[in-house]
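User: Hi! I have a two-chain model open on my screen and would like to talk it through with you. Could we start with how the chains meet and then look at some charged residues?

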Amino acid sequence: MATQILLKNIDVPGLTDIHVYKGLGGYSALEKALKNFTPDQVTEEVKKSGLRGRGGAGFPTGMKWGFIDKQSEKPRYLVCNYDESEPGTFKDRYIGELNPHQLIEGMIIGSYALGAKSAYIYIRGELFYVIKIIEKAIQEAYKNGLLGNNILGSDYSLDLYCHPGAGAYICGEETALLESLEGKRGNPRIKPPFPAIVGLYDCPTVVNNVETIAALPWIITNGSAAYSAIGIGNSKGTKLISACGHINKPGIYEIELGLPVEEFIYSDEYCGGIINGNKLKAVVAGGSSVPILPAELILKTAAGEPRLMSYESLAEGGFKTGTMMGSGGFIVMDHTTCIVKNLLTFARFYRHESCGQCSPCREGTSWMEKILMRIEGGQGTMKDIDLLVNIAKHVEGNTICPLGDAAAWPVASAILHFREEFEEHVKLQKCPF
Amino acid sequence: MPLLKVTIDNVEIEVEAGTTIMNAARQVGGHIVPPAMCYYSKLEGSGGKCRTCLVRVAQGSAKDPRPMPKLVASCRTLVQDGMVVENTTSPEAMDSRQAITEFLLINHPLDCPVCDQAGECHLQDLSYVHGLEETRTVEERRVFKPIDIGDKIKLHMNRCILCYRCVMVADQITDKRVHGVLGRGDHSEISTHIQQAVDNDFSGNMIDVCPVGALTDNTFRFKSRVWFMKPFDANRNCTKCSGKVVLWMKGEELLRVTGRKDKYGELEEFICNDCRFDHKMVTDWTIEGPRAIERHSVISQNHYGKQ
């Protein structure tokens with residue numbers, strides 16, 4: 001059994017209650033951090049642990065904290081990005097729903113390290129039932145002296161707020177999230193300046209994913225060495241993977257980074273193999289925005305090595321033969337899946353969710369969707385396939401925020417790996433599935 | 001403060017710290033200036049949206065000579081000492097500019113023959129230089145009905161490229177903004193809030209800052225093509241604005257009043273609605289003389305004071 005950091009006590013009944021959480025040793029990490037560590041020492045621990053941002057980009061958390069402008073006299077903020085809305089990713093929901101105090105404890109530890117006096121949990125509006133659970137947990141924490149003035153008798157004070165979003169995918173992009181939190185239209189900001197210098201209300205801000213923050217109490221309790229002992233290479237610790245698609249056991253799994261992909265898909269401990277014993281066709285390894293990989297490339301790298309669930313191994317081969325860890329939305333497709341139809345679904349999503357601020361993304365996403373709709377509907381031409389590649393190339397990297405990349409990568413990779421299937425659609429003038 | 005050395009398309013200049021690549025290029029002038037569809041130097045926070053001004057930075061700075069990994073928006077990127085920028089000399093930047101032009105045009109109605117902006121339209125200029133000769137789209141375009149967003153301003157949303165300039169004008173030079181961008185993505189549109197009309201003394205400047213024909217002057221619509229008119233610099237004593245305007249004359253008739261625009265199409269000064277809409281008699285104005293028009297402009301073909 002792999003080490004469980006985030007999901008260890010998740011099955012304990014009534015875990016959302018603060019007393020149950022405390023009975024399992026909850027909030028002892030906070031006590032340890034406040035009594036034994038200075039804020040800089042907490043940052044140092046996180047740096048040494050090798051924890052990387054779990055929202056998708058995998059940026060080292062401690063380094064991100066190190067960028068915050070401590071010279072500025074403005075207040076500093078920690079914001080938790082709970083706007084989980086990537087198709088295929090449903091891991092963060094689980095933490096807030098079943099173990100909200102772990103998130104709150106992590107928020108207090110993180111805020112302490114950054115010297116923030118106020119912190120926000122920006123939560124996706126559709127998770128309305130989770131909002132209630134988190135709000136109740138925040139109230140309990142206030143009553144128990146864990147939030148508010150002089151936390152646990154120390155001279156550190158913090159206010160924590162839970163702010164629901166209004167259902168825009170783009171608000172998961174950190175600067176759009178900050179705009180939305182300020183009460184404005186959720187348009188991503190043009191960077192630089194980065195949030196660590198000019199963030200929420202123009203003050204230095206750190207935005208972290210739920211899973212990243214929820215891992216902090218364990219790191220403080222068990223030490224950075226214990227955390228970095230788990231994992232492989234520069235991918236330390238555990239990661240939540242939300243597995244879905246044509247597998248026998250869809251669900252949320254906590255894996256130690258470095259687990260072979262083959263084991264993850266086929267072992268009974270995890271996905272339990274492909275449904276009905278079907279043949280594996282393709283996998284989207286990290287949520288809809290990462291490149292899709294065919295079976296042979298997801299199980300083994302182009303060099304023939306077994307592919308592992310780690311940031312480096314999944315990315316091996318670049319975008320030619322590799323993909324990305326992303327946010328851990330593991331979508332498995334068997335041989336009955338139409339790649340074009342799947343891609344059309346993704347393209348429709350990105351067209352709908354593009355904020356419309358910059359022209360390549362606004363026009364490119366809708367154009368790609370329309371072309372895919374034509375191909376899937378049997379009216380495509382061979383020229384359309386090359387046109388799609390060309391549009392994707394011009395959207396990628398030319399946009400303000402990564403949504404343009406996220407819309408372009410699936411298109412480019414699907415055509416790269418499954419071109420015959422697109423051509424078949426055009427030749428037959430219908431979908432062969 | 002020491003000046004920063006920057007090279008744009010092999011032209012070396014020295015500029016003050018805090019200058020953007022776009023403004024550094026404008027100090028040199030000529031063909032090295034990237035086109036700007038959304039950037040407007042008089043509006044704070046503008047730029048970065050249309051992506052037509054993307055350039056390649058071949059060398060980040062003298063200290064860190066690595067090239068920047070992506071093309072950057074020259075209107076929002078500050079120059080560093082020793083930076084080397086490639087605009088027209090970078091095939092990559094030119095290729096992406098062509099693509100952006102195509103993106104801007106795929107939902108554009110191409111109704112230049114009936115559009116009041118034709119002849120002074122930035123999108124026309126852009127597609128003349130960077131556009132493809134053929135269209136690669138077969139899809140239907142977005143269609144909106146033209147609406148009056150104020151009693152003097154007509155909005156043709158079909159033509160809009162969502163540069164946000166009019167939104168910024170309303171934010172920055174009027175006391176209350178009542179219009180904005182509604183919706184998201186390709187279905188976003190400029191509009192007013194429910195049952196509100198744009199009505200304030202400086203709202204007419206929205207028409208002047210609009211790079212395309214999305215916002216047009218109701219008092220001038222369909223009166224004349226711009227190249228049949230002759231522009232004159234004129235002024236009047238105005239209590240609200242500087243009163244310095246351009247009168248657009250056809251024969252003896254004054255058809256339109258606009259602000260004075262510089263060579264990048266930006267207003268020198270914002271003018272009030274009184275001057276713009278309510279003083280359509282030549283006798284209201286003191287005429288200074290013919291306005292200098294760039295020789296390459298189609299407007300100059302009827303003009304005697306060529307530059």
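This is a predicted model: local features need pLDDT of at least 70, side-chain atom pairs count only at pLDDT 80 or more; totals for chains, interfaces and linings use all residues.

User: How much area do chain B and chain A bury between them?

Analyst: The size of an interface is often given as the accessible area lost when the parts come together. Here 35 residues from chain B and 34 residues from chain A take part in the contact. Carbon and sulfur atoms account for 50% of the buried area, and the total for chain B and chain A is about 2800 Å².

User: Which element gives the largest share of the side of chain B that touches chain A?

Analyst: Let's begin with the polar contacts across the interface of chain B and chain A, which come to 18 residue pairs. On the side of chain B that touches chain A, the elements giving two or more residues are α2 (91-106) and β8 (179-182) of chain B. The largest share is 8 residues, and it comes from α2(B).

User: How do the residues on the side of chain B that touches chain A divide into nonpolar, polar and charged?

Analyst: That side is built from 35 residues of chain B. They divide into 14 nonpolar, 9 polar and 12 charged.

User: How many salt bridges are there between chain B and chain A?

Analyst: Side chains of opposite charge can pair when their charged atoms come close. One such pair is B:Asp186 with A:Arg351, where N and O are 3.9 Å apart. Over all chains the count is 47 salt bridges, and between chain B and chain A it is 5.

User: Is A:Glu369 buried or exposed?

Analyst: The cut-off for buried is under 20% relative accessible area. A:Glu369 has 3% relative accessibility, so A:Glu369 counts as buried.

User: Where in chain B does B:Arg260 lie, given its salt bridge with B:Asp233?

Analyst: The closest N and O atoms of B:Arg260 and B:Asp233 are 3.7 Å apart, and both residues are buried. B:Asp233 belongs to strand β11 (residues 230-235) of chain B, so the pair ties together parts 27 residues apart in sequence, with B:Arg260 in the loop between β13 (253-258) and α6 (273-277) of chain B.

User: Are A:Arg189 and A:Glu182 buried or exposed?

Analyst: Their side chains meet in a salt bridge with an N to O distance of 2.8 Å. As for their accessibility, A:Arg189 and A:Glu182 are both buried.

User: Which backbone oxygen does the side chain of A:Lys239 reach?

Analyst: A:Lys239 is placed in strand β7 (residues 238-245) of chain A, and at 0% relative accessibility A:Lys239 counts as buried. A network of salt bridges links A:Lys239 with A:Arg54, A:Lys91, A:Asp92 and A:Glu211. Residues that A:Lys239 touches include A:Tyr253, A:Tyr311 and A:Met325. At 3.2 Å, the side chain of A:Lys239 reaches the backbone oxygen of A:Ser327.

User: What is the radius of gyration of chain B?

Analyst: Chain B has 6 helices and 14 strands. For 307 residues the globule rule gives 19 Å, and the chain comes close to that, so chain B is as compact as a globular protein of that length, with a radius of gyration of 20 Å.

User: And what percentage of the residues in chain A are buried?

Analyst: Chain A has 19 helices and 13 strands. Its radius of gyration is 22 Å, close to the 22 Å from the globule rule for 433 residues, so chain A is as compact as a globular protein of that length. Among its contacts between residues at least 6 apart in sequence, 69% join residues at least 24 apart. Buried residues make up 55% of chain B, and for the 433 residues in chain A the figure is 62%.

Note on methods:
Residues are numbered from 1 along each chain as its sequence is written. Chains are lettered from A and ligands numbered from 1 in the order in which they are written. Side-chain values use heavy atoms; hydrogens and water are left out. Contact means heavy atoms within 4.5 Å. Buried area is the accessible area (1.4 Å probe) that two parts lose on being put together, summed over both. A salt bridge is a side-chain nitrogen of Lys or Arg within 4 Å of a carboxyl oxygen of Asp or Glu. A polar contact is a pair of N or O atoms within 3.5 Å; within protein, one must be able to donate a hydrogen and the other to accept it, and residues adjacent in sequence count only if both atoms are side-chain atoms. Helices (H or I, at least four residues) and strands (E, at least two) are DSSP runs, numbered from the N terminus. Ala, Val, Leu, Ile, Met, Phe, Trp, Tyr, Cys and Pro count as nonpolar, Asp, Glu, Lys and Arg as charged, and the others, Gly among them, as polar. The radius of gyration is taken over C-alpha atoms; the globule rule is 2.2 Å times the number of residues to the power 0.38. Buried means under 20% relative accessible area, exposed over 50%, partly exposed in between (1.4 Å probe, protein chains only). Lists of a residue's contacts leave out its neighbours within four places in sequence.
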